[in-house]
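Subject: Structure handover and findings

Hello,

Here is the structure for you to look over. My notes follow directly below it.

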Amino acid sequence: MDEVNTAANTNHVPSSNFAKEVEAMPGGADIAKCIQCGMCTASCMVASTTDKYRPRKLIQMILLGLREEVLSSDLPWLCMTCRMCEERCQENVNLAEIFHAVREIAAREGYIPPAFKNAIDVVLKDGWMLEDAYSDFIEDDRDDLGLDTDLSWNKKFVAKLKKKYFKGVFIK
Amino acid sequence: MVTTKQEAKPEAASGEGPKSTSALVVGGGVAGMQAALDIANQGFKVHLLEKSSSIGGRMAMIDKTFPTLDCSACILTPRLSEVSRNSDIKTHTYAEVKSIARDGTNFKVKIHKRARYVDEDKCSGCADCVPVCPVEVPNEFDQNMGFRKAIYIPFPQATPNVYTVDKRGEPACRATCPAEVNAQGFIAMMRHGRFDEALEIVRRTIPFAGVLGRVCISFCEAECERGMLDHSLSIRNLHRFLADYEIAHGTAKPVTPNITKEERVAVVGGGPAGISCAYQLAMMGYPVTIFESKPKLGGLLRYSIPEYRLPRNILDGEIKRVIDMGVKVRANTHVKSVKGLLEKGFKAVFVGTGASQSNKIGVPHEDAEGVFYAIDFLERASTGQEIALGARVAVIGGGDAAVDSARVAKRLGAKDVTLIYRRSHVEIPAIPGEVEDAKEEGIKFMLLTNPIEILTATNKVAGVRCVKMRLGEPDYSGRRRPVPIPNSEFTMAIDSMIIAIGQSADPNGVQNECDCTEWATVNADQITLVTNIPGVFAGGDVVTGPLTVVKAVGHGRQAAESIDLYIRGVDMAEGRHKHLHRVQSYEVDKSHKESEDRAAMPKQSVDSRTHNFSEVELGFSEATATAEAERCLECAVCCECKQCVAACTRDAIDHSMRDEVLELEVGAIILATGYKLFDVSVYPQFGYGKYENVIHAMEYERLINAAGPTGGHLIRLGDGKIPKSIGFIQCVGARDVQKGVPYCSRVCCMYGVKNAVMAKEHHPESSVSVYYADIRAFGKGFEEFYEMAKTRFGVKFMRGRVAEVMENRETGNLTVRVEDTETGELHDIEHDLIVISPGIQPPEGLEDLAVELNMGLSDEGYVDIANKVITPVDTFIPGVFVCGCADGPKDIPDSVSAGSAAAMRATIILARNQKEAQEDG
């Protein structure tokens, strides 16, 4: 009780304007409506399998302005966009959209969890995810089915994509 | 409708009459009562309008009030009696606003007062009527958890303490029956095993429980509401069971004549119409004589319907009952003149000579040997006369007479019986069950075929030439017209032919004295059945043309009623049309009924029945009949069995009461229409309505209330167990933007805390948890109450909205999934009982009232306040005030203070009006 009355704790100013930044992003507009009731966490599929991820706490961190902490963590990337929280949220907060906006900010600033980054690197390099798994057997199967066995067009497509959109901004 | 109403109330029009000094309070809850009392105690007249059968509103349902834990009824009941004792308050219960029109500063209000079928001045509330009532329906006062009878008071302290008959109208079965047999009524008695009373209800309208129980076409079953759910009730077979039961158990009471009147009535024709008419007249006490040309009474029932459908002992028994009532019979008597009967001293004559002339088919060689007409054929078969029938028989026609003839021919030994009908099996007019039975017995149905010529050899039938038909456009009767297919003629060898293509009235019959149509049927009024000759009435087939037995029986009853009125010199037409609303499909709650099969009628096997005339349908057993009666949905709630009328010692119950419209002129209106609870079943994740042990707060109030369905025992309704652990889920249907209720309902936090405390009071050892988003303990003593719940009562509070409730199917226990937002931990917590605390919403019907008043509502649907700060009870309409929850959620003290405030605002107007009147006067 004593702690609550100290000046430091009654000064409820976010440590940064991160919430405002998210709010300005497409899909992030409703973040300020959150009343921290916990409906989202209790509804969350991911939260039910891991203690690490708590959507309410993540929203709280954003509202408190913990910009670096949020952007550098894996948490915004763990939402699997099932939108059960949005279905039940009584304040109509669009959590999946907010986390999408946060991921966009994080990616822009180079905070991408290795697992996601590796996946993208593989796609950009090979043109698709599963080149390692592509074997003679699959080639034969494709041949039998009358499908094109040459998948190098994937690479051409990705090269075009890279040239048009990526411009080497954050891919090393 | 809305637009015409609005035209009728121009704001600027100035009233002609004096300004009214009385007020109307709409809604008899605690706020409305307070407003009414405060106005009345200042000496003005008040009309207090209440939709339900008692004032008291929601507060009467609630167990305890917060934060003081006072007994709600103990506070409310003195107020109820204060209202009822105040001579300046006129309470209109069971009434609603029908229309409101502005007249200067006055309001002209029409009130629709529903009939409660109990005289408010006579009823003493003794409850003698309750045990005899056979109808039980869910008790809405107990939130549909317990049951009440069709005659009820909502709660013991109901004000006025007058019983109400819940009669929604006329059930489809009774409304459809041409004889108006009270099917719902006798079925209600049957489900309680009271077969004698059930039969008595059938016999109020028809003398033929057993006969019509066998031969009726049962229009009622086609309209039976149960048919919308699974299959219609077997209504016909149920009243047949009643008659059979009486014979089997010898429970019939001896019939004694009770002829009290002088005026003799003659009935011409002893068929179903005539017997029915005589029966009704004899019940009224008239001496009746039936004139019948045949040796015995019964008409087509005796001489046409085969014995395997209607055993003659049943018919004889029921006719004997009528004769035993003091009806005289003159058999073998041809009446030569109806007027002659009047001259002989009969005060009235009923003509029911029927339509028993077989129609001709109009094809060549119809007079050949071996051609029979159905009526004649069936009569000869019924009376045991010799019939020279060949081996191959063709029956022409598709009505009941045709099917009967075919089945009789089979029983008389014909090897090959073919029924030729010109339309398809859809249009065939015979009773479907009879058609099925005939098919089972090996009758061939040659549909879409028409005979065009009878082929003869030495003037004896040798064959029939037919043409195939197809169905064309519908004709005037709505059935598709059969059209011959060119070049489809074919010939069929037969030995006999029975023509059953309809009957008509005897063109030379005695009815021709009256004004008749070209088909020799009498032109009689459809309702009163009067003919052009005063004192002569006609009914049955002689009026309608060949139709059904039940219609004829109905006509007999209608005519008897007219004859009674005629003899007494009363207007016959007045008040005869049906005034009861026919209960519509959507008004019958079928949501909790499971689909069940209709009881099957046991039948004699085909082998044993096709060679003799023993009865085919064997009748229901007692168990089958009772089970079938249980399927009745009791559409109209009150079944008019009138057991209550007999039980009431003060003659207070009157089933002929009608709704009334009252007109009031008032100077001010106070809206105290209350609220409705949010329907929590729209949250599928909480399982309300799906899981037995998830209930809402008002249901909980009734459970813990000593006058509730469990007598105040807090148990699970599913299995009767005492819940060891109870969870309360707050903020459901309130502060939910997605569900259209963004506002806080103000009362849920505190009633939730109160309910949690009451759970501890009932079962101190149980564990009680409240799941909340915020606790808004904003009023006087509320925070202390909340604190007391935590510390003194040990109620656990967890901050976190519940995401979902899961049921354990074996134990019925419920697991809530919630995040404790104070620790960030996710919990799955098991409870025995879950109580959802729903938010509150504007009441149903407030929108209609707003349209009447030409008043806008807020976005949420509450009454809009002109100025929330200075005039918190004034609406935008001058002279209209609001209190209670009509303008937004309020707790009881706030509702009551708003009631007083609204009363004060209203009396300012009334006092000004009074002063003006005194100055003028």
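I start with one strand pairing. V802(B) has V818(B) as its bridge partner in β36(B). Helices (H or I, at least four residues) and strands (E, at least two) are DSSP runs, numbered from the N terminus. Strands count as paired if DSSP finds at least two bridges between them.

Some ground rules. This is a predicted model: local features need pLDDT of at least 70, side-chain atom pairs count only at pLDDT 80 or more, and totals for chains, interfaces and linings use all residues. Residues are numbered from 1 along each chain as its sequence is written, while chains are lettered from A and ligands numbered from 1 in the order in which they are written.

**The antiparallel sheet**

β36 (residues 814-820) of chain B runs antiparallel to β35(B), and 5 bridges join the two. They belong to an open sheet of 3 strands in chain B, in the order β35-β36-β37, with antiparallel pairing. β35 (802-807) and β37 (825-831) of chain B are the edge strands; each has a single partner strand, so one side of each lacks a neighbour in the sheet. From one strand to the next, the twist averages 25°. For angles, axes are lines fitted to C-alpha atoms, for helices over the stretch in contact, and values run from 0 to 180 degrees between N-to-C directions.

**The parallel sheet**

Chain B also has an open sheet of 5 strands with parallel pairing. Its order is β17-β25-β18-β19-β20. Which strands stand at its edges? They are β17 (371-373) and β20 (444-446) of chain B; each has a single partner strand, so one side of each is left without a neighbour. The twist here averages 25° from one strand to the next.

Inside this sheet, β18 (residues 392-396) and β25 (residues 496-499) of chain B pair in the parallel sense over 4 bridges. A394(B) has M497(B) as its bridge partner in β25(B).

Two helices lie across these strands. Helix α14 (residues 374-382) of chain B lies across β17 and β25 of chain B, at about 85° to β17(B). Helix α15 (residues 400-411) of chain B lies across β18, β19 (416-420) and β25 of chain B, at about 170° to β19(B).

**Chain B as a whole**

Chain B has 26 helices and 40 strands. Its C-alpha trace spans about 110 × 75 × 60 Å along the principal axes. Of its 921 residues, 49% are buried. A residue is buried if 20 or more other C-beta atoms lie within 10 Å of its own, exposed if 12 or fewer, and partly exposed in between; C-beta atoms are placed from the backbone. Among contacts in chain B with a separation of 6 or more, 71% are between residues 24 or more positions apart. Two residues are in contact if their C-beta atoms, placed from the backbone, lie within 7 Å.

Look at α24 (residues 782-791) of chain B. F785(B), Y786(B) and A789(B) are buried there. They cover an arc of only 100° around the axis, so they sit on the same side of α24(B). The arc is that of the directions from the helix axis to the C-beta atoms. The buried residues of α24(B) pack against α23 (748-762) of chain B. E784(B), E787(B) and T791(B) are exposed, on the face turned away from the buried side.

**Chain A and the interface**

The domain assignment, automatic or from a database, gives chain A domain 1 (8-111) and domain 2 (113-167). Their centres, taken over C-alpha atoms, are 33 Å apart.

16 residues of chain A are in contact with 17 residues of chain B. On the chain A side, α3 (39-43) and α4 (55-64) each supply at least two residues. The largest share, 4 residues, comes from α3(A).

**Backbone items to check**

Most residues other than glycine have a negative phi, and most peptide bonds are trans. The F66(B) to P67(B) bond is cis, with omega near -5°. P67(B) is in the loop between β3 (64-65) and β4 (70-71) of chain B. T159(B) and P160(B) are also joined by a cis peptide bond, with omega about 0°.

T81(A) is not a glycine, yet its phi is positive, about 60°. T81(A) is in the loop between α5 (67-71) and α6 (84-88) of chain A. T81(A) is exposed, with 10 other C-beta atoms within 10 Å.

Best wishes
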